[in-house]
Amino acid sequence: MAGVTTRKPAAAVRELPHPELADIRLENVLAALADPLRLAVVRTLAECGESALTCSALELPVSKSTSTHHFRVLRESGVITQDYRGTAKMNALRRADLDTLFPGLLDSVLAAAAREPAGGAAR
């Protein structure tokens, strides 16, 4: 039919759930950071400051579905935010939120991770 579109609005399809600040739990954050691949993502995002990176810029040595799982765990635990810009899913560290809730935690975890031997995320 001419003039009829069946596409849903992009915002409705592309909205990703994130926990509110009050719902971020320490045990979920620690569990998310305990995985070497997820910790590598967080380290990379921390190095970028407030910049957001696409999932493809944060290459992980796993399948796409496993990579998606790791990003979802980080998002649902409150460690990162994810939003769509066009077709790209952008990832940013929720540093300010984590520093507010757990002062010094992220800096301590990142400092400890920096002392790990190179290639620690590949275990």
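Trainee: What do the buried residues of α6 pack against?
Mentor: The buried residues of α6 pack against α2, α3, β3 and α5. Contact here means heavy atoms within 4.5 Å. Keep in mind that this is a predicted model, where local features need pLDDT of at least 70 and side-chain atom pairs count only at pLDDT 80 or more, while totals for chains, interfaces and linings use all residues. Residues are numbered from 1 along each chain as its sequence is written, and side-chain values use heavy atoms, with hydrogens and water left out.

Trainee: Which residues in α6 are buried?
Mentor: L105, L106, V109, L110 and A113 are buried in α6. They sit on the same side of α6, because they cover an arc of only 125° around the axis. Buried means under 20% relative accessible area, exposed means over 50%, and partly exposed is in between (1.4 Å probe, protein chains only). The arc is that of the directions from the helix axis to the C-beta atoms.

Trainee: And how are helices and strands picked out?
Mentor: They're DSSP runs, numbered from the N terminus: helices are H or I with at least four residues, strands are E with at least two.

Trainee: OK, what about α2, which residues are buried there?
Mentor: Helix α2 covers residues 26-34, and V29, A32 and L33 are buried in it. Those buried residues fall within an arc of 95° seen down the axis of α2, so they line one face of the helix.

Trainee: Why would spacing like that put residues on one face?
Mentor: An α-helix has 3.6 residues a turn, so residues three or four places apart point the same way.

Trainee: Got it. What does that face of α2 pack against?
Mentor: The buried residues of α2 pack against α3 (36-47), α4 (64-77), α5 (95-101) and α6 (105-114).

Trainee: Switching to strands. What's the strand order in the sheet?
Mentor: It's an open sheet of 3 strands in the order β1-β3-β2, with antiparallel pairing. β1 and β2 are the edge strands, each pairing on one side only. Two strands pair if DSSP finds at least two bridges between them.

Trainee: How many bridges join β2 to β3?
Mentor: There are 6 bridges between β2 (residues 80-85) and β3 (residues 88-93).

Trainee: What's going on in the hairpin of β2 and β3?
Mentor: It has 2 residues between the strands, and G86 takes a positive phi near 65°.

Trainee: Now charges. How many salt bridges does the structure hold?
Mentor: The structure holds 6 salt bridges. A salt bridge is a side-chain nitrogen of Lys or Arg within 4 Å of a carboxyl oxygen of Asp or Glu. One of them joins R85 and D83, at 3.5 Å from N to O. R85 counts as partly exposed at 49% relative accessibility, and D83 is partly exposed too, with 30%.

Trainee: What does D107 form a salt bridge with?
Mentor: D107 forms a salt bridge with R95, the closest N and O atoms being 2.9 Å apart. D107 lies in α6 and R95 in α5, so the pair ties together parts that are 12 residues apart in sequence. Salt bridges that share partners join R95, D99 and D107 into one network.

Trainee: Then what about R75, buried or exposed?
Mentor: R75 is buried, yet has no salt bridge. The nearest side chain of opposite charge is E76, 4.3 Å away. For charge, Lys and Arg count as positive and Asp and Glu as negative, while His and the chain ends are not counted.

Trainee: Where is R75, and what does R75 touch?
Mentor: R75 is in helix α4. Leaving out residues up to four places away in sequence, R75 touches L16, P17, H18, P19, I80 and Q82.

Trainee: Last one: how many disulfides are there?
Mentor: A search of the whole structure finds 0 disulfides, a disulfide being a pair of cysteine sulfur atoms within 2.5 Å. As for cysteines, C48 counts as partly exposed at 27% relative accessibility, and C55 counts as partly exposed at 25%.
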